[in-house]
Amino acid sequence: MKKGSRAPVLFIFAIAIVCIGAAALHINSSGVEAEQIDWDLTLIGDTEMILSYNEVIAMSSYEGSGGFFTTVGTINGPFDCKGIPIEELCGLVGGINTSNTIWVSAPDGYLMVFTLDHIKGDFITYDPATMREVPHDELKVLLMYEQDGIILNDEMGGPLRLAIAGSDALLTEGHYWVQSVERIEIR
Amino acid sequence: MKNKSNISLAVIAVMVIAVIVIIAIVYLPGQEDTKLTVIYAGSLVVPFDKMEQAFESEHPGVDVIMEGHGSIQAIRQITDIHREVDVLAVADESLIPDMMYYTYADSYVMFSTNQMVIAYTNNSKYADEINNSNWYEIMAREDVQFGFSNPMLDACGYRTLMVVQLAEMYYNNETIFNDLIECNFNPAIIEEEDFDNDTRLVLVPEVIKPQKGKVVIRGGSVQLIPLLELGEIDYAFEYKSIAKQQGLQFVELPVEIDLSSPGYADIYRKVVVQLGFQRFESIQTRRIAKPIFYAITVPKGATHPQLAREFMEFVLSAKGLKILQDTEQPTIIPGNHY
């Protein structure tokens, strides 16, 4: 091959690499950068505290697997979930005990109430392959901000979503996975 | 050498073509089917699956996107989450005027009904003994386990509490609710009698926590079916359509308590269930017992209103009603409500 004839080939090759990179970015990103997210989380317990999104994700995180199913049995996940354990967030405003309930809500008015047993991982879990109930190891209830390595966007229930995750990739009932969490109140 | 460079060129050419194809798939709009979004009550999953297939076969180029939810959650997709939904079918007709009039819908059509039953299998304890006059005694026996769906999450769940409360009145036995429900939960699910002109109020706490292992609670009534089949529970409160679709045995309850008949609406409405917390902003926590009617509507914000009306008319047509009947979903003569 003549030396001069390599230039267009290399040019095409470079374009190909750039295009592959662009396509890969398109496929593997939620299109959201953490720095762009403007979201506050209100914690209410013995005291009240408002954390910005960046303050939340700066806390020590937990990673585990978990998914959920809907009323009609549609399976979502399991996903690799990364987030802050709810118990730690509650600890910032006085902590929780057996007489407390934890009220987790979103701006659209959706609300779920959890007990300390829930927060400690007491859920019925299901095998995603058979949808049969199966026992589980330790589970954590997380305020998830990354799913399968992707920052949660609106369509994924972000930027902060409740998730139930552990070492086994099991499913829980979908109504627990509160989307767009903006308030956690201990009562 | 020349061969080598030809191979390199060919490899690069293939890569470039592959990249162009990927980009075309990812970025360029294609010739797509018209997507019709239909959201329906979870208990309609079997008939509406068939409805989708039948409608698509008659409408080439239309892709019906089916999505099942609990009825309140289904409406909430429109009223709270503001999704563009073409057709909505719910298991409680009163939810449409209560939650949608007149911003999101201004009419609906009732098309189906249902009734509450006690489902079981041949392996359930006392299966050869249970009938519609002794079911509450058998379910209260120490060695019997039964289940119902969480009343905070599922209409079948709060309808179970209504049925048990109505049973006290029908059988003139004031211990039924306590024996089956109240004593099996901590905190208790409490009944308050005569709180308002001969009406009975059932108070559901924020947290539904069964005690002693006698009662099993799951988020949806469909999740109780595998537990019945595996013998982990003996009985479950279910809709008759679900019991029949799943091939289960069931006890038909007296019409005075099974929430099936408009003729007994005055009796049903004597029971009110007060839920422990307001799960959705758009609906209050008080549920009044009433006959079960399914309803369908085209919401005001439908993306394809004409096609949506065609789908609704298909459901209400002789063909659509036959699909419902063939899948054990009881039909009624469709009636408009404005």
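User: How much area do domain 1 of chain B and domain 2 of chain B bury between them?

Analyst: The size of an interface is often given as the accessible area lost when the parts come together. In this predicted model, domain 1 and domain 2 of chain B bury about 1,300 Å² between them. Carbon and sulfur atoms carry 61% of that area. On the side of domain 1, B:Ser43, B:Ile72 and B:Ile292 supply 40% of the area buried against domain 2, more than any other three residues.

User: Where do the bounds of domain 1 and domain 2 fall in chain B?

Analyst: The assignment for chain B gives domain 1 as 34-113 + 292-326. Domain 2 of chain B is 116-288. Taken over C-alpha atoms, the centres of these two domains of chain B are 27 Å apart. The contact draws 16 residues from domain 1 of chain B and 16 residues from domain 2 of chain B.

User: What is the area buried between domain 1 of chain A and domain 2 of chain A?

Analyst: Chain A splits into domain 1 (1-36) and domain 2 (37-186). The area buried between them is about 620 Å², with 58% from carbon and sulfur atoms. Eight residues of domain 1 of chain A touch nine residues of domain 2 of chain A.

User: Now charge. How many salt bridges are there between domain 1 of chain B and domain 2 of chain B?

Analyst: Side chains of opposite charge can pair when their charged atoms come close. Between the two domains of chain B, the count is zero salt bridges. Across the interface of domain 1 and domain 2 of chain A, the rule also finds zero salt bridges. Over all chains, the structure holds 21 salt bridges.

User: Which residue pairs with B:Arg218 in a salt bridge?

Analyst: The partner is A:Glu133, at 2.6 Å, N to O. This pair crosses between chains. B:Arg218 sits in strand E9 of chain B, and A:Glu133 in strand E8 (residues 133-134) of chain A.

User: Which elements give two or more residues to the lining of the second largest pocket?

Analyst: From chain A, they are strand E6 (111-115) and helix H4 (116-119). From chain B, it is strand E9 (215-218). E9(B) gives the largest share, four residues. By residue class, the lining divides into 14 nonpolar, five polar and six charged.

User: Last, the backbone. Which residues does a cis peptide bond join, with omega about 5 degrees?

Analyst: Most residues other than glycine have a negative phi, and most peptide bonds are trans. Here a cis bond joins A:Gly77 and A:Pro78. A:Pro78 lies in strand E4 (residues 75-85) of chain A. Chain B has a cis bond between B:Tyr101 and B:Tyr102, with omega about -15 degrees. B:Tyr102 falls in the loop between helix H4 (95-100) and strand E4 (108-113) of chain B.

User: What is the phi of B:Leu259, positive or negative?

Analyst: Positive, at about 65 degrees, although B:Leu259 is not a glycine. B:Leu259 is in the loop between strand E11 (249-252) and helix H10 (265-268) of chain B.

Note on methods:
Residues numbered from 1 in each chain as written. Chains lettered and ligands numbered in written order. Predicted model: local features only at pLDDT ≥ 70, side-chain atom pairs only at ≥ 80, totals over all residues. Heavy atoms only, no water. Nonpolar A, V, L, I, M, F, W, Y, C, P; charged D, E, K, R; others polar. Domains from an automatic or database assignment. Contact = heavy atoms within 4.5 Å. Buried area = accessible area lost by both parts, 1.4 Å probe. Salt bridge = Lys/Arg side-chain N within 4 Å of Asp/Glu carboxyl O.
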